[in-house]
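I opened this notebook to keep track of what I looked up, entry by entry. Here is the structure I worked from.

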Amino acid sequence: MTQAADIADEVRAWLEIQWDPELSLVEWRGRLADSGWGCPTWPQTWFGRGLPQALAERVATEFERAGAVGTPAGGGIGLAAPTILEHGSDDLKRRLLRPIVTGEHTWCQLFSEPGSGSDLAGLTTRADLDGDEWVITGQKVWNTSAHHAQYGMLLARSDWDVPKHRGITYFAIEMQQPGVEVRPLRQMNGHASFNEVWFDEARVPVTNVVGEVGNGWAVALATLAHERRFNPAPRTTGRRPGAKKGRAHREAAAETLEHYEPYKWYPQRAGRVDLVPERARATGRNHDPVLRQEMARLSELVRVSQWTAQRARIARALGRPPGPEGSLGKLGSSDIARAAAHLHGSIAGAHGMLQGDDDGTGGVVAEVLVSVPAVSIAGGTDEIQRNILGERILSLPKEPQLDRDLPFRDVPRNTGRT
């Protein structure tokens with residue numbers, strides 16, 4: 001038998017004994033964490049099985065076949081956990097990884113700031129050491145799920161007398177504490193998917209530093225690499241047709257609904273490519289030769305993006321670290337969304353400004369037009385992705401940075417200072 005068949009047999013036998021849909025979700029996921037089958041690519045020492053991605057896919061297939069609930073979706077399992085596994089101390093792994101697997105702790109990302117834009121290393125949230133705690137003061141923005149997260153992945157400036165990339169520390173901060181205020185942000189498409197977070201002398205124990213003090217930039221790059229291939233869509237809730245449903249399914253469905261709520265407009269952000277041919281036919285524009293050429297170009301962009309995603313999946317299956325496919329895929333998504341939005345606008349004309357049922361799509365086209373700009377900003381702007389590809393993949397000269405070697409306190413910032 002092949003190794004894949006052996007793994008499939010092993011996980012199938014384990015599920016026959018351990019899977020019970022009437023368990024509470026936390027109790028069931030506790031079994032996943034302790035067995036390692038919930039996160040099979042993680043090290044055996046830390047709630048995993050040490051399997052390559054290809055074999056992990058076989059594990060997922062057996063879970064689907066059994067109708068068993070998997071690990072939770074979200075930034076905890078997709079961003080925080082891989083970062084902690086790579087850079088965290090054994091103490092952090094022991095305390096923080098298991099609650100991520102069980103879903104008891106949800107996480108948010110606290111990187112971006114209003115005054116920094118794409119210059120993430122220009123952040124000014126302060127981290128001042130006070131005994132065995134760090135005191136955090138400042139503001140973050142564009143923070144999905146911060147309103148209900150137990151922990152945040154926080155970047156803060158711990159040293160103002162060294163160049164900006166060397167004075168940053170990465171923290172795992174508890175969100176439910178005095179000194180942390182979360183405010184929702186209303187977007188121009190009407191949704192409120194993000195938050196801004198204010199810190200007023202919030203506290204982080206020194207044991208919650210991820211990596212080394214002052215080396216947070218390297219840790220942040222690990223998180224960002226995972227973010228560029230991170231899919232926010234919810235994981236399976238064990239909905240196999242005909243499978244017995246129980247408490248674990250009900251709790252997983254409620255958890256998934258809460259998790260996915262901030263992302264419900266993401267199909268519109270991506271441009272709703274699927275609606276373009278349909279709208280062209282419905283409006284009689286499908287015979288317009290210029291429009292047909294643009295639709296063909298959009299189809300080409302989609303196909304190339306699918307090939308890039310396939311390359312990324314194969315690289316992960318082979319156990320390779322995140323490569324250029326992440327930035328290429330991010331740029332491809334921006335190009336596709338913009339091309340789709342342009343087509344929607346060309347097809348709908350002035351009707352594209354209408355909401356409700358007046359435009360024939362229930363306002364979907366109008367939402368596409370005001371949502372698409374976000375795709376080229378979130379997760380690293382198009383300009384940042386091009387810099388990454390140019391400098392790290394093509395070995396082009398780095399963009400001039402006059403502030404790279406200055407102590408950060410001497411760097412001019414967007415604070416009215418000259």
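**Entry 1: a strand pair.** I began with Tyr170, whose bridge partner in β8 is Val210. Strands β5 and β8 (residues 209-210) run antiparallel and are joined by 2 bridges. I count two strands as paired if DSSP finds at least two bridges between them. Helices (H or I, at least four residues) and strands (E, at least two) are DSSP runs, numbered from the N terminus.

**Ground rules.** I noted that this is a predicted model, where local features need pLDDT of at least 70 and side-chain atom pairs count only at pLDDT 80 or more, while totals for chains, interfaces and linings use all residues. Residues are numbered from 1 along each chain as its sequence is written, and side-chain values use heavy atoms, with hydrogens and water left out.

Entry 2: I looked up β4 (residues 151-157) next. It pairs with β5 in the antiparallel sense over 7 bridges. Arg157 has Ile168 in β5 as its bridge partner. Is β5 enclosed or open? I found it largely enclosed by the rest of the structure, because 6 of its 7 residues are buried. Buried means under 20% relative accessible area, exposed over 50%, and partly exposed in between (1.4 Å probe, protein chains only).

**Entry 3: β1 against β4.** Strands β1 and β4 pair in the parallel sense over 4 bridges. In β4, Leu154 is the bridge partner of Leu110. I checked which way the side chains of β1 (residues 107-110) go. Trp107 and Gln109 point one way, Cys108 and Leu110 the other way, and all are buried.

**Entry 4: cavities.** How many cavities of 30 Å³ or more does a search of the whole structure find? It finds 2. A cavity is a set of points, on a 1 Å grid over the protein atoms alone, where a 1.4 Å probe fits but cannot get out; lining residues have an atom within 4 Å of a point. Grid points are joined across faces, edges and corners, and a volume is the space filled by probe spheres set on the points.

I took the second largest cavity, with a volume of about 30 Å³. Its lining includes Ala80, Trp107, Met153, Tyr170 and Val210. Two elements give two or more residues to this lining: α4 (75-87) and β5 (168-174). I sorted the lining residues into 8 nonpolar, 1 polar and no charged. Here Ala, Val, Leu, Ile, Met, Phe, Trp, Tyr, Cys and Pro count as nonpolar, Asp, Glu, Lys and Arg as charged, and the others, Gly among them, as polar.

**Entry 5: Ala80.** I followed one lining residue. Ala80 sits in helix α4. It counts as buried, at 2% relative accessibility. Leaving aside neighbours within four places in sequence, Ala80 is in contact (heavy atoms within 4.5 Å) with Gly75, Ile100, Trp107 and Met153.

**Entry 6: nonpolar cores.** A nonpolar core is a set of buried Ala, Val, Leu, Ile, Met, Phe, Trp, Tyr and Cys residues joined through side-chain atoms within 4.5 Å. The largest has 31 residues, and those with the most contacts inside it are Trp42, Leu97, Trp107, Phe111 and Leu155. Elements giving two or more residues to this core are α4, α5 (90-102), β4, β5 and α6 (216-227). The largest share, 6 residues, comes from α4. Apart from this core lies another, of 19 residues, among them Ile7, Trp37, Phe63 and Ala252.

I also listed neighbours of Leu155. Not counting residues up to four places away in sequence, Leu155 touches residues including Phe111, Ile168, Tyr170 and Ala220.

**Entry 7: β7 and its partners.** β3 and β7 (residues 194-205) run antiparallel, joined by 9 bridges. Val135 stands opposite Arg203 in β7. β6 (residues 180-185) also runs antiparallel to β7, with 6 bridges. Val180 stands opposite Phe199 there.

**Entry 8: loops.** Most residues other than glycine have a negative phi. I looked for exceptions. Phe47 is not a glycine, yet has a positive phi of about 65 degrees. It lies in the loop between α2 (25-35) and α3 (53-66). Phe47 is buried, with a relative accessible area of 18%. Arg272 is not a glycine either, and has a positive phi of about 50 degrees. Its loop runs between α8 (266-269) and α9 (275-282).

Conventions: On a 1 Å grid over the protein atoms alone, a cavity is a set of points where a 1.4 Å probe fits but cannot get out, and a pocket is an open set with protein on both sides within 12 Å along at least five of seven lines; lining residues have an atom within 4 Å of a point.
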